[in-house]
Amino acid sequence: MRAAAREEQPGAPRPGALETLLDRVSRGDRDAFESVYTAVAGSVLGLVRRVLRDPAQSEEVTQEVLIEVWRSAARFDPGQGSAMAWIMMLAHRRAVDRVRSAQASADREHKAAVRDHSPAFDEVSEQVERRLEREQVRRCLGQLTELQRESVTLAYYRGFTYRETADLLGAALGTVKTRLRDGLIRLRDCLGVSV
Amino acid sequence: MTADLHTLTGAYALDALSPEEAREFARHLTECDVCTHEVAELRETAARLALAVAEVPPAALRARVMAAIPEVRQLPPPGRVADVVPLRGRAWRQRLPYLALAACLVGAAVAGGVAVNAEHDVDRQRTQAEQQASDLASLMAAPDAAYHTTAVHGGGNATVVSSVSQARTAFVYRDLPKLAGSHVYELWYSRKGSMVPAGLVDSGRPSGTAVLAGAASGADGVGLTVEPHGGSKQPTTSPLMLVSIAG
């Protein structure tokens, strides 16, 4: 149970766990922040790029998200969920805010084809290919109905509102709302997620 | 809680509501514990979708972020007294001087070089590199992976990633200075004060990643020393870095 995270209990997180690192970050610990960077930068960038498409904008937003983690680490509440979920929420919100501004939306479609990486990869994160995670998520997405899967992935990976998602899928608003919820619940159970 | 509002937990967790709807639903959450718990679980689920699309960030991004943060003022905790420093965190920091001392004492003992067949070594290293990449991927994906970043004495810094469930540890290093002559960086597991060799760091590159050799079970720390060519069976110099990985 995450709520007990800060108490001296057998279930308390280990000193290097993300939750504990964020606690140290909130007190200005730059080493702890660099650890957090190593742990999350690849996932933040991957998610932001799914939503924004444009590589330059994605890097810019990823940088903003990571600085936001530094700035607001004290606002992380372990009682509300994991540090990873909190950081990915910050990342998704910021990416979605960016993409929903009219200018960015126009750019996104134009630049959607431009997907080249800059050549100098970060040696540190080069290996952070979460293959197991990828396989498990793919398997669990495969267990959703087509409408559940499309609703969830359009909303999360593309940043569409449920109204836009309903338009794209030609489905009723109420149906998409419901599919987003029951699709995520089925994913939650398949991935064994608990809070 | 109305049934209709409750169905919005999914859309809310995925940021798929309009700003007005999101504000209204957030108000609703303050008085609906069931919805709040469900949103938390669905957000946790969404985060897993993010982990599954992780990419390789460019090296320059780390540099830009690390250069920016000293200028960024941090927010105070939201209207409550700051939480006490976790005691466990303090405990492991206090153990470090003991680890350092143990490593120095052991260092005086043996300076045995290991004879290696150079040709055989190349093949072995290639196989090892492939094995390492896959080991590291599963290590980083472990839900209990813990990250410790520290400066390396003499230059550069490192992050030690360890996971109890995977019984493995990785050493992620940046900007390690080139060593004089044929000296090498050697990694060590510390177990109750004794140092166990855990492999050499690829000397060709200032930055990279090494998965520690041998099982991590029972280890309480990871150390790094400079050793003669081929490495040593026990440390012969004082450690440039010691990180506790004790759970």
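## Chain B

Of the 247 residues in chain B, 50% are buried, meaning under 20% relative accessible area, with exposed over 50% and partly exposed in between (1.4 Å probe, protein chains only). The chain has 7 helices and 8 strands; these are DSSP runs numbered from the N terminus, helices being H or I with at least four residues and strands E with at least two.

## Basis of the model

This is a predicted model, in which local features need pLDDT of at least 70, side-chain atom pairs count only at pLDDT 80 or more, and totals for chains, interfaces and linings use all residues. Residues are numbered from 1 along each chain as its sequence is written, chains are lettered from A and ligands numbered from 1 in the order in which they are written, and side-chain values use heavy atoms, leaving out hydrogens and water.

## Salt bridges between the chains

Over all chains there are 17 salt bridges, each a side-chain nitrogen of Lys or Arg within 4 Å of a carboxyl oxygen of Asp or Glu. One of them pairs Glu38(B) with Arg181(A) at 2.4 Å, N to O. Glu38(B) is in helix α4 (residues 33-51) of chain B and Arg181(A) is in helix α9 of chain A, so this pair joins two chains. Glu38(B) is buried at 9% relative accessible area, while Arg181(A) is partly exposed at 23%.

Arg188(A) and Glu41(B) form another salt bridge, with their closest N and O atoms 2.8 Å apart. This pair also crosses between chains, from helix α9 of chain A to helix α4 of chain B.
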